[in-house]
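Hello,

Here is the structure I promised to pass on. Have a look at it first, and my notes follow below.

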Amino acid sequence: MLEVCQISKTYPGPVRALDSVDLRIDSGIFGLLGPNGAGKSTFMRILATLQLPDSGNVALDGHDLFANLQEARRSIGYLPQEMGAYPRASARELLNYLAALKGITSFRQRKALVEEQLSIVNLRDVADRRLETYSGGMRQRFGIASAFLGNPKLVIVDEPTAGLDPIERRRFQRLLVQAAKNCVMILSSHIVEDVVDICDQIGIMADGKIVARGSPQNLVQSLENCVWTRTVPEDKLGQYETGYRLLSVRPDAGSFSVRLFATEADHSHLSGLGFQRADPDLEDVYAHLVTSSQAIPIS
Ligand SMILES: Nc1ncnc2c1ncn2[C@@H]1O[C@H](COP(=O)(O)OP(=O)(O)O)[C@@H](O)[C@H]1O
Ligand SMILES: [Mg+2]
């Protein structure tokens with residue numbers, strides 16, 4: 001179980017990247033959704049103990065994460081947003097090295113673990129090739145193998161699907177779901193599609209705060225009766241850009257399908273304009289919270 005209590009972080013500038021973030025995750029896959037600049041990577045680096053917060057605490061299964069960094073890092077797997085330069089080392093060599101850093105001192109034990117991880121992510125046939133020769137999808141699979149080495153209790157995966165094609169993305173999601181069975185996993189993204197199918201719980205982050213949290217179903221239900229839609233030709237789009245709370249404009253067979261957020265008071269006005277009530281989806285929730293920064297009740 002992960003308990004985050006009142007974490008704040010300000011960079012020189014000053015830029016308030018995290019503003020008193022509280023979060024408790026019991027199990028399963030937690031999706032952290034937020035636009036670029038929301039504070040996701042800062043949050044993830046703090047959980048990975050690679051950066052310290054200015055204030056606040058994090059506990060993993062009741063143990064203070066920052067009290068014993070060495071110990072904490074053995075329980076944590078981290079797949080960063082940017083891997084930086086790709087080493088000349090092979091996947092097999094690097095995994096062996098990472099396993100040693102995790103404190104697995106027996107050579108035989110390490111070898112068994114590395115071979116197991118390589119076959120889970122299906123990289124055994126290319127495990128002696130240098131990582132710099134890998135494709136984007138192969139690098140992500142290597143990232144999973146390294147993040148899950150040594151049975152971590154907490155796995156942190158920051159914006160993993162950038163650069164993957166749709167088939168690789170699905171394959172990657174399947175691997176994550178299988179690998180996350182025995183740990184808490186946090187997966188961040190700015191793309192709703194990346195988290196909606198695989199996360200049990202979702203938190204939406206905007207301006208360094210978690211503005212909503214719940215299951216995808218709960219979050220979607222919170223906008224019941226609030227989303228209205230109609231098809232609008234291109235030359236009429238402008239009239240909905242001011243004075244309305246626009247959620248999205250989606251191209252639709254030569255015209256555009258406009259979705260608006262509306263409260264009870266606006267319903268008859270919108271009906272008069274030819275709008276119809278729509279079933280909300282997670283994209284609507286995300287757009288609503290991130291554009292208005294208006295929190296909805298946390299459930
Ligand atoms: N090392 C840094 N120095 C100064 N500002 C930073 C640094 N890292 C991130 N920031 C700023 O902090 C905010 C949050 O960034 P980040 O945590 O990377 O968010 P996200 O991953 O959601 O895009 C942004 O405004 C970003 O520009
Ligand atoms: Mg980021």
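Of the protein's 299 residues, 35% count as buried, meaning that 20 or more other C-beta atoms, placed from the backbone, lie within 10 Å of the residue's own. Please keep in mind that this is a predicted model, where local features need pLDDT of at least 70, side-chain atom pairs count only at pLDDT 80 or more, and totals for chains, interfaces and linings use all residues. Residues are numbered from 1 along each chain as its sequence is written, while chains are lettered from A and ligands numbered from 1 in the order in which they are written.

Overall, there are ten helices and 14 strands (DSSP runs numbered from the N terminus: H or I of at least four residues for helices, E of at least two for strands). The C-alpha atoms fill a box of roughly 75 × 40 × 35 Å along the principal axes.

Now the ligand. The residues around ligand 1 include Tyr 11, Asn 36, Lys 40, Ser 41 and Thr 42, counted when the C-beta atom lies within 6 Å of the ligand. Both β2 (15-25) and α1 (40-47) give two or more residues to this shell, and α1 has the largest share, with three.

Best wishes

Technical notes: Buried ≥ 20, exposed ≤ 12 C-beta atoms within 10 Å, placed from the backbone.
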